[in-house]
Amino acid sequence: MPEPLTKETVDSKTDPSVSTQWDESTPKAEQFQELYKIADSMKSSLLTTIRPNIGPVSRSMAVAKRVGPDFLYLANIHSQKFEDLKENKTVQITFQDSTTQNWISITGEATTTDNADPRIKQVYSKGVNAWFGDLGDGIHTGMPEDPRMTLIEVKAKYIAYWKTTASSVGFLKEVTQASLTGKVADTGVNRQLFEKDIQEARDSSS
């Protein structure tokens, strides 16, 4: 149900759309399991790097594998993003589901490998070669042994996500009712996970 806006909320300069949905009571283990479920339902994300003299630059990338709170991406080492990562290893991963409105924002640190990384063969799937092409020289084939193919591994340091608690119809009803009554819509839970929480989740999943 929509929550009433209070004078205390306004006086404290709090954003009511955020404060009404913060969830600090759900056990962390459950929060991570729900995070993983949302992330695994969305196969692609935006991966944002920091480009010198420009700022944040994002591109859509398929997740090759999630390992606990961390993510692996197959990538072409000739891509400009590798130059970005030489200068600044801080990245952001963003997921959003336009149907449920669920979203995830992950700030982390990226490391890159070369083609000798055995995990490339483990996460390679049919169709990846479509993004690399085959030169016909027996080397640049778009297959796991292609020297251009490497991994970007992102280790999370901070995670924020929002999970809907309403159906599509319920979401619309909640927003409409809040708009008509002057109350604040309450359609889901907003959670944040810090480095200590993330390391504990990483340890438990290894």
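Helix 3 and helix 7 run roughly perpendicular to each other. In this predicted model, the axes of helix 3 (residues 28-40) and helix 7 (residues 195-205) cross at roughly 75° and come within 11 Å. Helix 3 contributes Lys 28, Phe 32 and Tyr 36 to the contact. Helix 7 contributes Asp 197, Ile 198 and Ala 201. By class, this contact has four nonpolar and two charged residues, and no polar ones.

| Residue | Location | Relative accessible area |
|---|---|---|
| Arg 148 | loop between helix 5 (119-123) and strand 7 (149-164) | 12% |
| Ile 104 | strand 6 (residues 103-112) | 0% |

Arg 148 counts as buried because its relative accessible area, 12%, is under 20%. What does the side chain of Arg 148 join in a polar contact? The side chain of Asp 146, at 2.6 Å. A polar atom of the Arg 148 side chain also lies 3.1 Å from the backbone oxygen of Gly 133. Leaving aside neighbours within four places in sequence, Arg 148 is in contact with Ala 75, Asn 76, Ile 77 and His 78, and with Phe 132, Gly 133, His 140, Thr 141 and Gly 142.

Ile 104 is also buried, at 0% relative accessibility. Ile 104 and Ile 38 are 66 residues apart along the chain, yet 8.1 Å separates their C-alpha atoms.

Key:
Residues numbered from 1 in each chain as written. Predicted model: local features only at pLDDT ≥ 70, side-chain atom pairs only at ≥ 80, totals over all residues. Heavy atoms only, no water. Axes fitted to C-alpha atoms, helices over the stretch in contact; angles between N-to-C directions. Helix = DSSP H or I, 4+ residues; strand = E, 2+ residues; numbered from the N terminus. Parallel < 35°, antiparallel > 145°, perpendicular 65-115°, else oblique. Contact = heavy atoms within 4.5 Å. Nonpolar A, V, L, I, M, F, W, Y, C, P; charged D, E, K, R; others polar. Buried < 20%, exposed > 50% of the residue type's maximum accessible area, 1.4 Å probe, protein only. Polar contact = N/O pair within 3.5 Å; in protein donor to acceptor, adjacent residues only side chain to side chain.
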